Amino acid sequence: MAIPPGSYTLGPADGTLTVRTGKAGAAAKAGHNLVIEVTRWEAALEVGAGGGGSSVALTADARSLAVRSGSGGMGSLGDEEKASIAQSIDDDVLKGGTIAFRSSAVVEAPGGLRVQGDLDLLGATRPVAFDLDAGDDGRLTGSIRFKQSDWGIKPFSALFGTLKVADEVEVDVDAKLPVE
Amino acid sequence: MVELDHSFSTGKPTDYNWDAILDLDRLIPCVQGGKVVERTSPTAAKAEIKVKMGAMSMTFAGTVEVVEQDDAAHRALLKVKSREVGGQGHANADVAIDLNDGGGTIHTAAQITGKAASMGEGVVVSVLDGLIKDFTQRLGQI
(Lines give C-alpha, C1' and ligand atoms only; values in the text may rest on other atoms or scores of the structure.)
Protein backbone atom coordinates (compact mmCIF):
# COMPACT_ATOMS: atom_id res chain seq x y z
CA MET A 1 0.00 0.00 0.00
CA ALA A 2 1.06 3.62 -0.34
CA ILE A 3 2.32 5.22 2.85
CA PRO A 4 -0.13 7.90 3.96
CA PRO A 5 1.36 11.40 3.59
CA GLY A 6 2.72 12.82 6.84
CA SER A 7 5.74 13.11 9.12
CA TYR A 8 6.78 10.05 11.07
CA THR A 9 9.48 9.43 13.64
CA LEU A 10 10.50 5.84 14.23
CA GLY A 11 12.80 4.17 16.71
CA PRO A 12 13.35 0.92 18.62
CA ALA A 13 9.85 1.16 20.13
CA ASP A 14 8.41 0.88 16.64
CA GLY A 15 10.51 -1.95 15.24
CA THR A 16 13.94 -3.41 14.71
CA LEU A 17 17.06 -2.38 12.85
CA THR A 18 19.10 -5.53 12.32
CA VAL A 19 22.54 -6.28 10.91
CA ARG A 20 23.20 -9.77 9.56
CA THR A 21 26.78 -10.91 9.03
CA GLY A 22 28.27 -14.02 7.46
CA LYS A 23 31.72 -15.55 7.76
CA ALA A 24 34.68 -16.13 5.49
CA GLY A 25 38.23 -17.47 5.53
CA ALA A 26 39.80 -20.93 5.69
CA ALA A 27 38.38 -21.53 9.18
CA ALA A 28 34.92 -20.09 8.38
CA LYS A 29 33.39 -23.33 9.67
CA ALA A 30 34.35 -22.33 13.22
CA GLY A 31 32.59 -18.97 13.05
CA HIS A 32 28.97 -17.94 13.40
CA ASN A 33 26.53 -16.14 11.15
CA LEU A 34 25.37 -13.32 13.38
CA VAL A 35 22.12 -11.48 13.85
CA ILE A 36 22.92 -8.18 15.54
CA GLU A 37 20.31 -5.66 16.64
CA VAL A 38 20.93 -1.94 16.73
CA THR A 39 19.19 -0.99 19.96
CA ARG A 40 19.40 2.81 19.69
CA TRP A 41 18.37 4.43 16.41
CA GLU A 42 16.01 7.06 15.12
CA ALA A 43 14.48 7.55 11.70
CA ALA A 44 12.52 10.48 10.30
CA LEU A 45 10.17 9.79 7.43
CA GLU A 46 8.46 12.56 5.49
CA VAL A 47 5.93 11.38 2.97
CA GLY A 48 4.41 13.81 0.48
CA ALA A 49 1.28 13.19 -1.57
CA GLY A 50 2.15 10.83 -4.44
CA GLY A 51 5.64 10.45 -3.04
CA GLY A 52 6.65 14.00 -3.98
CA GLY A 53 8.67 15.91 -1.36
CA SER A 54 9.36 12.71 0.56
CA SER A 55 12.55 12.11 2.53
CA VAL A 56 14.11 9.50 4.80
CA ALA A 57 16.81 10.06 7.41
CA LEU A 58 18.22 7.65 9.96
CA THR A 59 20.89 7.80 12.62
CA ALA A 60 22.09 4.90 14.76
CA ASP A 61 24.28 4.68 17.84
CA ALA A 62 27.33 2.60 16.89
CA ARG A 63 27.74 1.59 20.54
CA SER A 64 24.26 0.08 20.77
CA LEU A 65 24.76 -3.14 18.81
CA ALA A 66 23.65 -6.28 20.62
CA VAL A 67 24.21 -9.81 19.32
CA ARG A 68 20.85 -11.60 19.29
CA SER A 69 21.83 -14.95 17.80
CA GLY A 70 24.59 -16.86 16.06
CA SER A 71 24.27 -19.92 13.88
CA GLY A 72 26.51 -22.36 12.07
CA GLY A 73 29.62 -22.12 14.22
CA MET A 74 31.67 -24.40 16.42
CA GLY A 75 29.63 -24.56 19.63
CA SER A 76 26.74 -22.31 20.56
CA LEU A 77 27.10 -18.68 21.53
CA GLY A 78 26.30 -17.99 25.18
CA ASP A 79 25.67 -14.61 26.80
CA GLU A 80 29.38 -14.22 27.54
CA GLU A 81 30.37 -14.78 23.90
CA LYS A 82 27.63 -12.45 22.65
CA ALA A 83 28.85 -9.72 24.98
CA SER A 84 32.42 -10.34 23.83
CA ILE A 85 31.41 -9.90 20.18
CA ALA A 86 29.60 -6.65 21.00
CA GLN A 87 32.76 -5.49 22.75
CA SER A 88 34.85 -6.34 19.67
CA ILE A 89 32.42 -4.39 17.48
CA ASP A 90 32.85 -1.39 19.79
CA ASP A 91 36.62 -1.66 20.18
CA ASP A 92 37.79 -2.94 16.81
CA VAL A 93 35.20 -2.24 14.14
CA LEU A 94 32.76 0.64 14.66
CA LYS A 95 34.62 2.34 17.53
CA GLY A 96 31.59 4.47 18.29
CA GLY A 97 31.73 6.18 14.87
CA THR A 98 28.99 7.80 12.86
CA ILE A 99 26.14 5.80 11.35
CA ALA A 100 23.79 8.06 9.38
CA PHE A 101 21.66 7.85 6.28
CA ARG A 102 20.03 10.73 4.46
CA SER A 103 17.97 10.37 1.31
CA SER A 104 18.73 12.33 -1.82
CA ALA A 105 15.79 11.14 -3.90
CA VAL A 106 12.57 9.38 -2.89
CA VAL A 107 9.96 8.29 -5.38
CA GLU A 108 6.76 6.35 -5.00
CA ALA A 109 7.11 2.70 -5.99
CA PRO A 110 4.58 -0.16 -6.06
CA GLY A 111 3.89 -0.96 -2.40
CA GLY A 112 5.99 1.82 -0.92
CA LEU A 113 8.92 4.07 -1.69
CA ARG A 114 12.11 3.76 -3.72
CA VAL A 115 14.81 5.51 -1.71
CA GLN A 116 18.23 6.69 -2.86
CA GLY A 117 20.64 8.44 -0.57
CA ASP A 118 23.98 8.64 1.18
CA LEU A 119 25.12 6.32 3.93
CA ASP A 120 27.79 7.70 6.24
CA LEU A 121 29.64 4.96 8.08
CA LEU A 122 32.47 6.06 10.34
CA GLY A 123 33.01 9.22 8.33
CA ALA A 124 33.01 7.70 4.83
CA THR A 125 29.94 8.41 2.71
CA ARG A 126 28.72 6.27 -0.20
CA PRO A 127 25.45 6.17 -2.13
CA VAL A 128 22.96 3.38 -1.45
CA ALA A 129 19.44 2.61 -2.67
CA PHE A 130 16.67 0.45 -1.27
CA ASP A 131 12.93 -0.10 -1.38
CA LEU A 132 10.86 0.72 1.66
CA ASP A 133 7.84 -1.52 1.43
CA ALA A 134 4.63 -0.75 3.25
CA GLY A 135 2.17 -3.47 4.22
CA ASP A 136 -1.57 -3.03 4.64
CA ASP A 137 -1.12 -3.13 8.41
CA GLY A 138 1.31 -0.18 8.37
CA ARG A 139 4.38 -2.43 8.54
CA LEU A 140 7.46 -0.97 6.87
CA THR A 141 10.29 -3.20 5.70
CA GLY A 142 13.49 -2.45 3.87
CA SER A 143 16.83 -4.12 3.32
CA ILE A 144 20.24 -3.21 1.93
CA ARG A 145 23.40 -5.22 1.39
CA PHE A 146 26.78 -3.59 1.13
CA LYS A 147 30.48 -4.33 1.52
CA GLN A 148 32.13 -2.96 4.64
CA SER A 149 35.35 -2.41 2.68
CA ASP A 150 33.55 0.07 0.37
CA TRP A 151 33.35 2.31 3.45
CA GLY A 152 36.98 1.63 4.37
CA ILE A 153 36.01 -0.76 7.17
CA LYS A 154 38.28 -3.77 7.56
CA PRO A 155 36.09 -6.80 8.34
CA PHE A 156 36.86 -8.29 11.76
CA SER A 157 39.23 -11.24 11.61
CA ALA A 158 40.55 -13.74 14.15
CA LEU A 159 42.57 -16.92 14.31
CA PHE A 160 45.51 -15.43 12.40
CA GLY A 161 43.26 -14.14 9.63
CA THR A 162 41.77 -17.56 8.89
CA LEU A 163 38.37 -16.66 10.36
CA LYS A 164 36.73 -13.45 9.16
CA VAL A 165 33.42 -11.69 9.15
CA ALA A 166 32.31 -11.68 5.51
CA ASP A 167 32.80 -8.33 3.81
CA GLU A 168 29.16 -8.12 2.71
CA VAL A 169 26.61 -7.40 5.42
CA GLU A 170 22.85 -7.01 5.30
CA VAL A 171 20.92 -4.37 7.19
CA ASP A 172 17.17 -4.80 7.61
CA VAL A 173 14.59 -2.48 9.02
CA ASP A 174 11.23 -3.87 10.10
CA ALA A 175 8.99 -1.34 11.81
CA LYS A 176 5.37 -0.46 12.29
CA LEU A 177 4.36 2.95 11.06
CA PRO A 178 3.38 4.92 14.16
CA VAL A 179 -0.20 6.12 14.27
CA GLU A 180 -0.19 9.92 14.09
CA MET B 1 50.29 -35.55 10.90
CA VAL B 2 50.76 -32.04 9.53
CA GLU B 3 54.25 -30.85 8.61
CA LEU B 4 55.16 -27.22 8.08
CA ASP B 5 58.38 -25.35 7.35
CA HIS B 6 59.07 -21.74 8.18
CA SER B 7 62.08 -19.49 8.27
CA PHE B 8 62.61 -16.44 10.42
CA SER B 9 64.94 -13.55 10.85
CA THR B 10 65.61 -11.73 14.09
CA GLY B 11 68.51 -9.54 13.03
CA LYS B 12 70.31 -10.64 16.18
CA PRO B 13 73.44 -12.78 16.60
CA THR B 14 73.05 -16.57 16.61
CA ASP B 15 74.32 -16.86 20.20
CA TYR B 16 71.62 -14.44 21.35
CA ASN B 17 68.92 -16.36 19.43
CA TRP B 18 70.20 -19.66 20.80
CA ASP B 19 69.88 -18.47 24.41
CA ALA B 20 66.43 -17.06 23.65
CA ILE B 21 64.90 -20.20 22.14
CA LEU B 22 66.23 -22.38 24.95
CA ASP B 23 64.73 -20.08 27.56
CA LEU B 24 61.18 -21.47 27.76
CA ASP B 25 60.05 -18.56 29.94
CA ARG B 26 60.77 -16.24 27.01
CA LEU B 27 59.98 -18.63 24.17
CA ILE B 28 56.52 -19.92 25.16
CA PRO B 29 54.87 -16.46 25.44
CA CYS B 30 56.01 -15.85 21.84
CA VAL B 31 53.20 -18.22 20.83
CA GLN B 32 50.03 -16.12 20.75
CA GLY B 33 47.88 -17.12 23.73
CA GLY B 34 50.72 -19.19 25.20
CA LYS B 35 51.92 -19.01 28.79
CA VAL B 36 54.17 -20.92 31.13
CA VAL B 37 52.20 -22.48 33.97
CA GLU B 38 55.17 -23.97 35.82
CA ARG B 39 58.83 -24.61 35.14
CA THR B 40 59.52 -28.26 35.91
CA SER B 41 63.21 -28.36 34.93
CA PRO B 42 65.75 -26.16 33.11
CA THR B 43 64.58 -27.75 29.84
CA ALA B 44 60.89 -28.37 30.51
CA ALA B 45 57.74 -26.50 31.46
CA LYS B 46 54.06 -27.02 31.99
CA ALA B 47 52.31 -24.62 29.64
CA GLU B 48 48.98 -23.76 28.14
CA ILE B 49 47.76 -22.04 25.03
CA LYS B 50 44.43 -20.32 24.55
CA VAL B 51 43.47 -20.18 20.90
CA LYS B 52 40.91 -17.46 20.32
CA MET B 53 38.44 -17.93 17.49
CA GLY B 54 36.69 -14.59 17.75
CA ALA B 55 34.43 -14.86 20.77
CA MET B 56 34.96 -18.60 21.18
CA SER B 57 38.23 -20.09 22.36
CA MET B 58 39.91 -23.43 22.95
CA THR B 59 42.57 -24.00 25.59
CA PHE B 60 45.23 -26.69 25.39
CA ALA B 61 47.31 -27.54 28.46
CA GLY B 62 50.38 -29.74 28.57
CA THR B 63 54.16 -29.75 28.49
CA VAL B 64 56.93 -28.26 26.40
CA GLU B 65 60.34 -29.91 26.61
CA VAL B 66 63.66 -29.39 24.88
CA VAL B 67 64.45 -33.05 24.07
CA GLU B 68 67.51 -32.55 21.86
CA GLN B 69 70.04 -29.77 21.95
CA ASP B 70 73.15 -29.43 19.79
CA ASP B 71 75.00 -26.36 21.07
CA ALA B 72 77.66 -26.49 18.34
CA ALA B 73 75.19 -26.72 15.44
CA HIS B 74 72.60 -24.52 17.17
CA ARG B 75 69.94 -27.10 16.58
CA ALA B 76 67.18 -27.98 19.05
CA LEU B 77 64.14 -30.22 19.08
CA LEU B 78 61.20 -29.26 21.27
CA LYS B 79 58.39 -31.64 22.06
CA VAL B 80 54.93 -30.24 22.78
CA LYS B 81 52.27 -32.49 24.29
CA SER B 82 48.89 -31.06 25.19
CA ARG B 83 45.28 -31.88 25.84
CA GLU B 84 42.23 -29.76 25.14
CA VAL B 85 40.90 -28.40 28.43
CA GLY B 86 37.30 -29.57 28.85
CA GLY B 87 37.43 -31.58 25.66
CA GLN B 88 38.69 -34.79 24.09
CA GLY B 89 41.26 -33.31 21.73
CA HIS B 90 45.04 -33.35 21.71
CA ALA B 91 47.62 -31.07 20.13
CA ASN B 92 51.09 -32.54 19.99
CA ALA B 93 54.04 -31.32 18.01
CA ASP B 94 57.74 -31.84 17.39
CA VAL B 95 59.32 -28.48 16.67
CA ALA B 96 62.85 -28.55 15.22
CA ILE B 97 64.61 -25.22 15.32
CA ASP B 98 67.81 -24.78 13.34
CA LEU B 99 69.57 -21.44 13.74
CA ASN B 100 71.71 -19.72 11.19
CA ASP B 101 73.12 -16.23 11.09
CA GLY B 102 70.49 -13.71 12.22
CA GLY B 103 67.59 -16.16 12.15
CA GLY B 104 66.79 -19.75 11.41
CA THR B 105 64.31 -22.35 10.24
CA ILE B 106 61.51 -24.16 12.02
CA HIS B 107 60.18 -27.54 11.02
CA THR B 108 56.93 -28.42 12.75
CA ALA B 109 55.34 -31.86 12.74
CA ALA B 110 51.99 -31.58 14.48
CA GLN B 111 49.24 -33.99 15.36
CA ILE B 112 45.89 -32.44 16.21
CA THR B 113 42.84 -34.45 17.22
CA GLY B 114 39.34 -33.67 18.50
CA LYS B 115 37.17 -30.65 17.80
CA ALA B 116 39.96 -28.60 16.19
CA ALA B 117 40.83 -31.43 13.80
CA SER B 118 37.17 -31.91 12.91
CA MET B 119 37.34 -28.68 10.90
CA GLY B 120 39.54 -30.48 8.39
CA GLU B 121 43.24 -30.72 7.65
CA GLY B 122 43.17 -27.66 5.37
CA VAL B 123 41.90 -25.52 8.24
CA VAL B 124 44.40 -27.00 10.70
CA VAL B 125 47.25 -26.25 8.28
CA SER B 126 46.03 -22.67 7.72
CA VAL B 127 45.69 -21.96 11.42
CA LEU B 128 49.03 -23.58 12.34
CA ASP B 129 50.72 -21.69 9.53
CA GLY B 130 49.27 -18.42 10.88
CA LEU B 131 50.25 -19.34 14.44
CA ILE B 132 53.85 -20.16 13.50
CA LYS B 133 54.27 -17.09 11.26
CA ASP B 134 53.05 -14.94 14.14
CA PHE B 135 55.48 -16.82 16.43
CA THR B 136 58.42 -16.15 14.11
CA GLN B 137 57.62 -12.44 14.07
CA ARG B 138 57.53 -12.35 17.88
CA LEU B 139 60.83 -14.26 18.02
CA GLY B 140 62.44 -11.22 16.43
CA GLN B 141 61.44 -9.15 19.43
CA ILE B 142 62.81 -11.27 22.25
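**Figure 1. The loop between α1 and β7 of chain A holds Lys95(A).** In this predicted model, the loop joins α1 (79-93) to β7 (99-109) of chain A. Lys95(A) has a positive phi of about 50 degrees, although it is not a glycine. Most residues other than glycine have a negative phi. Is Lys95(A) buried or exposed? Lys95(A) is exposed, because it has 12 other C-beta atoms within 10 Å and the limit for exposure is 12 or fewer.

**Figure 2. Phe160(A) also takes a positive phi, in the loop between β11 and β12 of chain A.** The phi of Phe160(A) is about 60 degrees, and the residue is not a glycine. β11 (157-158) lies on one side of the loop and β12 on the other. Phe160(A) counts as buried, because it has 21 C-beta neighbours inside 10 Å and burial takes 20 or more.

**Figure 3. β7(A) pairs with β5(A) and with β8(A).** Strand β5 (residues 55-60) of chain A and β7(A) pair in the antiparallel sense. Their pairing runs over 3 bridges. Here Ala57(A) stands opposite Arg102(A) of β7(A). β7(A) and β8(A) are also antiparallel, joined by 10 bridges. In this pair, Val106(A) faces Val115(A) of β8(A). How many residues lie between the strands of the β7(A) and β8(A) hairpin? There are 2 residues between the strands, and in this hairpin Gly111(A) takes a positive phi near 80 degrees.

**Figure 4. Leu113(A) is a buried residue of β8(A).** Strand β8 of chain A spans residues 112-121 and contains Leu113(A). Leu113(A) counts as buried because it has 24 C-beta neighbours inside 10 Å, where 20 or more are required. Asp91(A) is 22 residues from Leu113(A) in sequence. In space the two are 36 Å apart, C-alpha to C-alpha.

**Figure 5. β2(A) pairs with β12(A) and with β3(A).** Strand β2 (residues 15-24) of chain A and strand β12 (residues 163-176) of chain A run antiparallel. They pair over 9 bridges. Thr16(A) stands opposite Asp174(A) in β12(A). β2(A) also pairs in the antiparallel sense with strand β3 (residues 33-38) of chain A, over 5 bridges. Which residue of β3(A) stands opposite Thr21(A)? Leu34(A) takes that place.

Figure 6. The 19 residues of α3(B) should span 27 Å at 1.5 Å a residue. The end C-alpha atoms are 26 Å apart, which agrees. The buried residues of the helix are Val123(B), Val124(B), Ser126(B), Val127(B), Leu128(B), Leu131(B), Ile132(B) and Leu139(B). The mean pLDDT of chain B is 95. In that chain, 100% of residues reach 70 or more.

**Figure 7. The largest nonpolar core has 71 residues.** The residues with the most contacts inside the core are Ala27(A), Val56(A), Leu159(A), Met53(B), Leu78(B), Val124(B) and Val127(B). Which element gives the largest share of this core? Helix α3 (residues 121-139) of chain B does, with 6 residues. Leu159(A) touches Ala27(A), Met53(B), Val127(B) and Gly130(B), not counting residues up to four places away in sequence. In soluble globular proteins, nonpolar side chains tend to be buried together.

Figure 8. The model scores ipTM 0.79 and pTM 0.88.

**Figure 9. Asp19(B) is an exposed residue of helix α1 of chain B.** The helix covers residues 14-22. Asp19(B) has 12 other C-beta atoms within 10 Å and therefore falls in the exposed class, whose limit is 12 or fewer. Asn92(B) is 73 residues from Asp19(B) in sequence. The two are 24 Å apart in space, C-alpha to C-alpha.

Technical notes
Residues are numbered from 1 along each chain as its sequence is written. Chains are lettered from A and ligands numbered from 1 in the order in which they are written. pLDDT is the predictor's confidence in each residue, from 0 to 100. A nonpolar core is a set of buried Ala, Val, Leu, Ile, Met, Phe, Trp, Tyr and Cys residues joined through C-beta atoms within 7 Å. Helices (H or I, at least four residues) and strands (E, at least two) are DSSP runs, numbered from the N terminus. Two residues are in contact if their C-beta atoms, placed from the backbone, lie within 7 Å. Two strands pair if DSSP finds at least two bridges between them. The expected span of a helix is 1.5 Å times one less than its number of residues.
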